[in-house]
Amino acid sequence: MGVSAIANTGAFLLFFIAAILLALSTTCTALNITKSLAPYSDYSTLSDLFRKTKLTGAINRRQTITILALDNSSIQSITDRSSDELRKILMNHIILDYYDRQKIQKLGKKSALLTTLYQTTGSAINQQGFVNITRIARGEVVFGSAVKGAPLVGKLLGSVISQPFNLSVLHISTPIVAPGFGDAILAPPPPPGSSKSPAAAPKKSPSSPGPSEEEEDEDEAESPSPSESPAESPKAGKAKAKSRSESPPEPDSDEDDDAEEPTSSASSRVVWLRVGVAAVIGLIASLVAF
């Protein structure tokens, strides 16, 4: 009878402590986008618009997310939109995965499709719920709607917040407005003396003699599923000629490689909490055996 009482007590303690540690673990990894952006006054308008469009809660419920952030100056071009249009546009700036500058540079291909929060609404058509990310010459990175023919308008300017592998906030130059979400916002004109124009989203060339590797990639990216990892998109037509003279891109890295060195304090706390759970289980198992 004494052994049975000890066993019952040990089991109760085990579940009680595990529940507490699980709650603490969830708290440590919870996002608060308003609090995260508060120290960055240049993004106060974006934070306000998240609240006004009731997207703050949708962001905070995610454990892993990337925000394509517009500063107070760049975001003015869409602040006069209707609430419905503004909400759709902002949802397309919320990526449902973690991408910082290091992970972007590790992309095996120069183009990829990223799933956005708008894809989860079930209302997206013609890839409206995906964003195209493309690495162009000299290591520059641009974003745009994945809808076929949409321009790549949002140039990556820098990283604002990087908390692997929970929250990344990337500063981009221009709002991404998918076709069907209202009038598009074009990228600023190039400086005097430059003949560059905004890049167009990659599309298959009908004059190609046969299926190339890039065309096969596009076929796979035509209709990505929101339940799968975002499909990869082909290179832009102009980038094909340049790629022959460039060094081959780095090979795809496994998802495990991306998670080898979590450096955020939140991730560290979760690891220690899990170690604590294991230790408690071992201790109680020893008491029960005794």
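Residues are classed as buried when their relative accessible area is under 20%, as exposed when it is over 50% and as partly exposed in between (1.4 Å probe, protein chains only). The model is predicted: local features need pLDDT of at least 70 and side-chain atom pairs count only at pLDDT 80 or more, whereas totals for chains, interfaces and linings use all residues. Residues are numbered from 1 along each chain as its sequence is written, and side-chain values use heavy atoms, with hydrogens and water left out.

Two aromatic pairs were found in a search of the whole structure. Rings of Phe, Tyr and Trp (its six-membered ring) are paired if their centres lie within 6.5 Å, and planes under 30 degrees apart count as stacked, over 60 as edge-to-face and the rest as tilted. The ring centres of Tyr 98 and Phe 165 lie 5.4 Å apart with the planes at 75°, so this pair is edge-to-face. Tyr 98 belongs to the loop between β2 (94-95) and α6, and Phe 165 to the loop between β6 (151-163) and β7 (167-172), so the pair ties together parts that are 67 residues apart in sequence. Helices (H or I, at least four residues) and strands (E, at least two) are DSSP runs, numbered from the N terminus. Tyr 98 is buried, at 1% relative accessibility, whereas Phe 165, at 24%, is partly exposed.

The pair formed by Tyr 118 and Phe 181 is also edge-to-face, because the ring centres are 4.9 Å apart and the planes stand at 80°. Distant parts of the chain are linked by this pair: Tyr 118 is in the loop between β3 and β4 (130-135) and Phe 181 in the loop between β7 and β8 (199-200), 63 residues apart. Tyr 118 is buried at 6% relative accessibility, and Phe 181 is buried at 1%.

A charge is taken to sit over a ring if NZ of Lys or CZ of Arg is within 6 Å of the ring centre and within 35 degrees of the ring normal. The charged end of Lys 103 is placed in this way over the ring of Tyr 99, at 4.6 Å from its centre. Lys 109 lies in the loop between α6 (101-105) and β3 (111-115) and is partly exposed, with 23% relative accessibility. Its C-alpha atom is separated by 8.6 Å from that of Arg 135, 26 residues away along the chain.

In helix α3 (residues 44-52), the residues Thr 45, Leu 46, Ser 47, Leu 49 and Phe 50 are buried. Just after α3, Lys 54 adopts a positive phi of about 60°.
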